[in-house]
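Here is a brief report on one protein model. It covers aromatic pairs first, then strands and sheets.

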Amino acid sequence: MKNRLAIVFLAALAVATQVSAKSFHDMFGAEPPADEEGAVLKTLDFQQGAIKIPAANATLNVSDQFYYLNPQDSKKVLVQLWGNPESSVGSPLGMIFPVKYPPTDPHSWGSVIDYDSSGHVSDEDAASTNYDDLLKQIQDAIKEQNPERERQGFDPITLVGWAEPPHYDKSTHALHWARDLIFGNDPKAGHTLNYSVRVLGREGVTQLDFVAGLDQLQEINAAIPTVIDTVQYDSGKRYADFVDGDKIAAYSMAGMIAAGAGVKVAAKLGLLAIVLGYFKSFGIALLALKKGLIVVLAGVVAAGRKVLGLFRRKGNTDA
């Protein structure tokens with residue numbers, strides 16, 4: 001009898017999961033275009049509500065202001081719709097988008113979700129860190145590594161400054177910051193946005209990295225509180241559930257920000273151990289590009305092979 005009840009429960013759960021996924025027409029009130037992009041859009045499941053993310057020991061409570069795409073559908077967007085090399089995309093845990101934009105809309109933006117299980121991150125240095133000094137150190141380190149980037153065939157990077165200064169919300173245990181970047185040697189080139197959010201848990205950090213343009217900063221800033229509240233750790237896995245003896249991460253709050261600038265930058269700042277502890281595959285730097293609206297994975301994998309992934313849109317003429 002118990003087995004039969006379990007089967008019935010699992011079947012009901014599967015139905016509920018299917019019901020929570022909407023088609024393109026259900027989500028946007030129209031059919032997708034009759035082209036290659038439209039064919040991809042027809043295959044996507046647009047989800048809202050409570051979505052379990054087992055890898056992060058968390059649930060995403062996606063409100064009607066947003067929709068969630070699962071890992072497979074997120075890769076379809078990043079590779080098939082936005083034109084990124086598949087090798088650069090990695091294995092995201094999904095993406096969150098504002099409900100007013102389908103993924104192919106020129107104004108669309110999204111947040112790539114991942115989780116780092118390196119351990120509990122202390123927030124003790126959040127209030128004492130001088131983020132202006134940290135910015136200057138990162139800027140100097142990036143300048144020093146640019147000649148090597150150019151020798152390897154990559155554009156130099158200018159970190160103009162904080163598009164949004166680092167801010168830690170102790171009540172939600174969330175750190176967020178945004179960088180204003182220019183790629184290439186033209187100082188008049190379009191500026192790009194690198195916006196990152198880190199939601200701390202007992203055993204690791206949920207990573208939210210926004211693929212957007214600098215002109216969308218105000219819109220994203222307005223969405224940040226809701227996006228942060230979307231992440232709810234399971235009971236026993238919340239930041240406040242930490243107990244002595246839990247695994248401690250090798251990096252601090254400042255280290256998370258420096259790590260985002262790359263392995264060599266962190267090494268220059270004496271934070272190489274932070275990066276090696278922070279990234280699963282021996283170091284991934286969040287830099288970027290999506291249709292000139294930017295956020296990218298560029299880094300060095302364990303084998304030493306360089307990977308450049310651009311979260312960008314096809315037909316990019318803005319970058």
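## Aromatic pairs

The count comes to 9 aromatic pairs. The rule takes rings of Phe, Tyr and Trp (its six-membered ring) with centres within 6.5 Å; planes under 30 degrees apart are stacked, over 60 edge-to-face, and the rest tilted. One of the pairs joins phenylalanine 28 and tyrosine 67. This pair is edge-to-face, at 5.8 Å centre to centre and 85° between the planes. Phenylalanine 28 lies in helix H2 (residues 24-28) and tyrosine 67 in strand E5 (residues 66-69), so the contact ties together parts 39 residues apart in sequence. Helices (H or I, at least four residues) and strands (E, at least two) are DSSP runs, numbered from the N terminus.

The model is predicted: local features need pLDDT of at least 70 and side-chain atom pairs 80 or more, while totals for chains, interfaces and linings use all residues. Residues are numbered from 1 along each chain as its sequence is written, and side-chain values use heavy atoms, leaving out hydrogens and water.

## Burial and the ring cluster

Phenylalanine 28 is partly exposed, with a relative accessible area of 21%. Tyrosine 67 is buried, at 0% relative accessibility. Buried means under 20% relative accessible area, exposed over 50%, and partly exposed in between (1.4 Å probe, protein chains only).

Tyrosine 67 also pairs edge-to-face with phenylalanine 46, at 5.2 Å centre to centre and 75° between the planes. Phenylalanine 46 sits in strand E2 (residues 46-47), and the two residues are 21 apart. Both phenylalanine 46 and tyrosine 67 are buried. Ring pairs link Phe24, Phe28, Phe46, Tyr67, Trp82 and Phe97 into a cluster.

Strand E8 (residues 157-169) pairs with strand E9 (residues 174-183) in the antiparallel sense, over 9 bridges. Two strands pair if DSSP finds at least two bridges between them. Leucine 159 stands opposite leucine 181 in E9. E8 and E9 form a hairpin with 4 residues between them. In the turn, histidine 173 has a positive phi of about 55°.

## The three-stranded sheet

An open, antiparallel sheet has 3 strands in the order E3-E4-E12. Its edge strands, E3 (49-53) and E12 (231-233), each pair on one side only. Neighbouring strands are turned by 30° against each other on average, direction ignored. Helix H7 (residues 217-230) packs on this sheet, touching E4 and E12; contact means heavy atoms within 4.5 Å. The direction of H7 makes about 25° with that of E12. Axes are lines fitted to C-alpha atoms, for helices over the stretch in contact, and angles run from 0 to 180 degrees between N-to-C directions.

E3 and strand E4 (residues 58-62) pair over 5 bridges. Lysine 52 stands opposite threonine 59 in E4.
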